Amino acid sequence: MGIEIYRLRRQYGAFVALDDVSLTIGDGEFVAVLGPSGSGKTSLLRILAGLDQPDAGSVYRDGQDLLALDARRRGVGLVFQHYALFPHMTVAQNVAFGLRVRPWRLRPKAAVIKAGVEHLLRQVELEGFADRYPSQLSGGQRQRVALARALAIEPRLLLLDEPFGALDAQVRVNLRRWLREFHRSLGITTLFVTHDQDEALEMADRVVVMNRGRIEQIGTPEQIYRQPATPFASRFIARGQSLPGEVRGQHLHVFGHAWRMENFVADDAHEITVHVRPEDIALAPVQSDGVKAQLLNLRHVAGTVRASLRVENREEPLEAEWNERDWARHAATAGDTVDIHLLALTVFATDEEGRIQARSTVHPPHASFPVAVGPWRRVEA
Amino acid sequence: MATALDPALGGGALMAAVASVVSIGQPAWSVRIARVVLLLAALAVLAWLLVLPLLAIFAEAFRQGYAFYLDAIKQPDTIAAVRLTFTVAAIAVPLNLVFGLAAAWSMTHFEFRGKALLGALIDLPFSISPVVAGMMLILVYGKDGWLGSWLEAHGLQVIFALPGLVLATVLVTLPFVARELIPLMQAQGSEQEEAALTLGASGWQIFFRVTLPRVRWALLYGVLLCNARAMGEFGAVYVVSGHLRGITNTLPLQVDQLYQENFSAAFAAASLLALLTLVTLGIKRVVEWRHGDALNTHL
């Protein structure tokens, strides 16, 4: 059953924060809502937590109308980006807060609360920090206190708002893995909001891509990468870059090459968008029939090479990404003109209102040729 | 002081002082001179305008001896005035505490029409002359005022009585608590309150366990300022009091009346008033010193 969100709409003045958003979250599922700022993801979270009301739509949890319950009684755990810990309380008091504010009939005995807090602190690996104040903790520790505090009320839905946004990169990566394992061990239905693709793709069972208040795509990280549903999803997740191209009959024309497409019907399409991912731009064997491109600059980033390429008919440089080992076989340097092959192209046909009419992925045939035939290149120390 | 205002020196000194803020390391001797000159100028102004007159009050109060001083402040009228001053402050300050909290909370946690207007209204008592504030109360609650006949018919006396004094004091000291809290609450935002709400806390629980502890030092600070002003208020209270000695005279009014008859007795009463204010300032200073961080930071 889980959570059923049906046709939510939220508008602030003329700004539409949520536009007809429907989503089903399975029991125990870990779902990431991914989108740029202003895409409506935080509005969705606040409505689920009861801190905001939608203008239209419904939310059900196991058949129960969630919107009819006020935030106090929803049993939803919310973890804020900036932790929102109570600075005048110790770690233990923070974690115990949700239990201590219960009406006395429902309030556990002091000893039970104490044991519960100890158990939670052990779970988030903060034993021995019970008597510290939040200001005495690091960012990662504070975030885990916030998590323990939210879990103390035994929520049936856990919401995380950019949980790692305020942390530095190293802590973020560690905490990410930890949280994923932690979620597996708890099995609590979790929705988490982020603008960081890496975070969403690495952690979530399913990813919801949002843009301008609408859901662009819902799918597993693999699905969204391999089959982006919209040009936005392709740009945002797979760093898809648009190429000048057009469809004539059953053929796609890009950079003077034409490839046949199967099952692509877009006769009355308003716009054709062709996307290529950085990792789908390959260096071609010398003197092949590839696309001429000039290497503008190269950045070596720990195992990958990122290059900016100037190609005809495209004003902005095209970004390509290669494996350092593959790159080492080529004798090119910045400033050289090289041949590139496009390994995979995604073609979208949209109507006048931007709705998708057809989508297809094209694998140009030359790409199946072995690529790396150049001489091994020596790198001078 | 004359040297600091001397254009030839003053201009250069100011420039040098500005430069000293940006420069790192050992400042040049001209900068050091500028610092000393500016500091001396500030101290001179303080000494001549504040410290000396304050000392003069105590000197004048004790001029005719310790026994006379005690006699003067033990006069029944003066004691009554002290008692009335405390009574008025004891009613007005809690009222403004509640008002200030409510106003600051609504200004920072709710979006509503007329929010800017409320902000302007809170500031109004700062900009209106206290005498005018007193006159406004007379116009509404006085014998010939809008509510005058209704109040008289019900046997309620506001003007020339305690209620009028309290009203005037509340009006004049209205902004102190609210103005202290609003910037702090704005900086703090409402995330912690929202967190408490999702954890199941009720409105009162949120207020007493989350909001109040976070603003307590700013609140105390505002209350102290409010109290200092409430006990020292003269203008508005003067208009609505009626100057009935021993009955509606607060301490500032008593000082004013004595001043016209008995010089030394007036200064004895004035020294009492000054002492009350100094004590308040002392507490305020301690709060600032011990909890300055809590007054300013987001925590």
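Predicted model: local features only at pLDDT ≥ 70, side-chain atom pairs only at ≥ 80, totals over all residues.
In chain A, the UniProt annotation "domain: ABC transporter", taken from an unreviewed entry, covers residues 3-237. The domain assignment divides chain A into domain 1 (3-226) and domain 2 (239-368). The centres of these two domains of chain A, taken over C-alpha atoms, are separated by 39 Å.

Strands S18 (residues 304-311) and S19 (residues 318-323) of chain A run antiparallel and are joined by six bridges. Within this pair, A:Ala307 has A:Ala320 of S19(A) as its bridge partner. The two strands S18(A) and S19(A) form a hairpin with six residues between them, and A:Asn313 in the turn has a positive phi of about 65°.

Three cavities of 30 Å³ or more were found in a search of the whole structure. The largest cavity holds about 60 Å³ of space. Helix H4 (139-152) and helix H5 (169-186) of chain A are the elements that give two or more residues to the lining of this cavity. Residues lining the largest cavity include A:Val79, A:Gln143, A:Arg144, A:Phe164 and A:Trp178. By class, the lining of the largest cavity comprises eight nonpolar residues, one polar and one charged.

The largest pocket has a volume of about 590 Å³. Its lining draws at least three residues from each of domain 1 (3-226) and domain 2 (239-368) of chain A. Of the 21 lining residues of the largest pocket, A:Asn211, A:Glu216, A:Phe232, A:Glu353 and A:Gly354 lie nearest the pocket centre. At least two lining residues are supplied by each of strand S10 (214-219), helix H8 (231-238) and strand S15 (271-276) of chain A. The lining of the largest pocket has ten charged, seven polar and four nonpolar residues.

The second largest pocket contains about 470 Å³ of space. It is lined by 16 residues, and those closest to its centre are B:Trp105, B:His109, B:Phe110, B:Ser190 and B:Glu194. Helix H5 (76-109), helix H11 (191-198) and helix H12 (203-232) of chain B are the elements that give two or more residues to the lining of the second largest pocket. H12(B) provides the largest share of this lining, with four residues. By class, the lining of the second largest pocket has seven nonpolar, four polar and five charged residues.

Conventions
Residues numbered from 1 in each chain as written. Chains lettered and ligands numbered in written order. Heavy atoms only, no water. UniProt positions renumbered as here; feature names shortened; annotations may be inferred. Domains from an automatic or database assignment. Pairing = 2+ DSSP bridges. 1 Å grid on protein atoms, 1.4 Å probe; cavity = no way out; pocket = protein on both sides within 12 Å on 5 of 7 lines; lining within 4 Å. Points joined across faces, edges and corners; volume = space filled by probe spheres on them. Nonpolar A, V, L, I, M, F, W, Y, C, P; charged D, E, K, R; others polar.
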